[in-house]
Amino acid sequence: MPAALARSTDLTGRVALITGAARGQGAGHARTLAAAGASVVLTDLDEAGAEAVAASVRAATGRPDAALALRHDVADAADWERVVARAVERYGRLDVLVNNAALWRTAPVGEQDEEEFRTLLSVNLVGPFLGIRAALPALRAAGGGSIINISSTAGLKGIPGHSAYGASKFGLRGLTRSAALDVAAEGIRINTVHPGMIDTPMIGAVTGDGDATARDWPHIPARRIGTPEDVSGLVLFLASDASAYVTGAEFAVDGGLGAQ
Ligand SMILES: NC(=O)c1ccc[n+]([C@@H]2O[C@H](COP(=O)([O-])OP(=O)(O)OC[C@H]3O[C@@H](n4cnc5c(N)ncnc54)[C@H](O)[C@@H]3O)[C@@H](O)[C@H]2O)c1
């Protein structure tokens, strides 16, 4: 069935909620899923940023109803109930959740601040848990769905200075595997994506000024930094019926960084 398989990344009629969508990879995922036909709900602490991306999605797709922007703190359970309810109220269903919002902070473990450690766990790990729990009733009502948890290379291997961030991203991997088993029989799939170095504001301090994509990156086997679109292709696959039998799995998209 190659023709049917080729069509299976069509998301027409589907609704996807993407957290942390005001910029960076989340904005890229919203654009890609909308281009594949989905209606997208963009959530972020930065409501104005999310609205600007939503406006660009509406313009690019030519669909005035293609995107909705909402203010959202992923660490807040009540906020999750509100944004899922608004998504269903606006579009009638929810099929896809991309748990993308996160914070990145680094420090040698002996100097790691306790409050910052707790904050990273709260946003990067408790946030996706709250999202899974809040989204499940809507995904069940839709007859199934896909949850995509954005982890990191730091969720696959140890990296100096990453005790807090790495703990949150390894935790997300464990959450995903167990949660996937709880809901697999209901047609709800949960997977992790592990980006390597991706050119976004999150790692602006590393990439510095100028065009990071034009530079050579000798420590990355592919010799280039990734773009949000590099990750969006995998997110599209996991959001769509092309990955109907894929759950509880982990996918690196890192130019070979994690394979070393
Ligand atoms: N950029 C990289 O190199 C890289 C590498 C590996 C993994 N990742 C992961 O990819 C995902 C996207 O990262 P990015 O590079 O686009 O980051 P980014 O910092 O550019 O964007 C993150 C977005 O999340 C939002 N956000 C932060 N805290 C939030 C909260 N409590 N509630 C709601 N929104 C919140 C921010 O406002 C921001 O718009 C993250 O999960 C990150 O950990 C990034």
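In this predicted model, Asp113 caps the N-terminal end of helix 5, with one of its side-chain oxygens lying 3.2 Å from the backbone nitrogen of Glu115.

**Helix 5 along its length**
- Helix 5 covers residues 114-141, which amounts to 28 residues, and the distance from its first C-alpha to its last is 40 Å, close to the 40 Å expected at 1.5 Å a residue.
- Within helix 5 there is a kink of about 40° at Ala135, and this kink lies shortly before the proline Pro137.
- After helix 5 comes Gly143, a residue whose phi is positive, near 90°.

**Helix 5 with helix 6**
- The axes of helix 5 and helix 6, the latter made of residues 163-183, come within 8 Å and cross at roughly 20°.
- Because of that angle, helix 5 is roughly parallel to helix 6, and their crossing is right-handed.

**Helix 2 with helix 3**
- Helix 2 (residues 24-35) and helix 3 (residues 47-61) have axes that come within 10 Å and cross at roughly 25°, and the two helices are therefore roughly parallel to each other.
- This crossing of helix 2 and helix 3 is right-handed, and the contact is made by Ala27, Arg31, Ala34 and Ala35 on the helix 2 side and by Val53, Ser56, Val57 and Thr61 on the helix 3 side.

Notes. Residues numbered from 1 in each chain as written. Predicted model: local features only at pLDDT ≥ 70, side-chain atom pairs only at ≥ 80, totals over all residues. Heavy atoms only, no water. Helix = DSSP H or I, 4+ residues; strand = E, 2+ residues; numbered from the N terminus. Expected span 1.5 Å × (residues − 1). Bend = angle between axes of the 7 residues up to and from the residue. Polar contact = N/O pair within 3.5 Å; in protein donor to acceptor, adjacent residues only side chain to side chain. Axes fitted to C-alpha atoms, helices over the stretch in contact; angles between N-to-C directions. Parallel < 35°, antiparallel > 145°, perpendicular 65-115°, else oblique. Left-handed = near helix turned anticlockwise from the far one by under 90°. Contact = heavy atoms within 4.5 Å.
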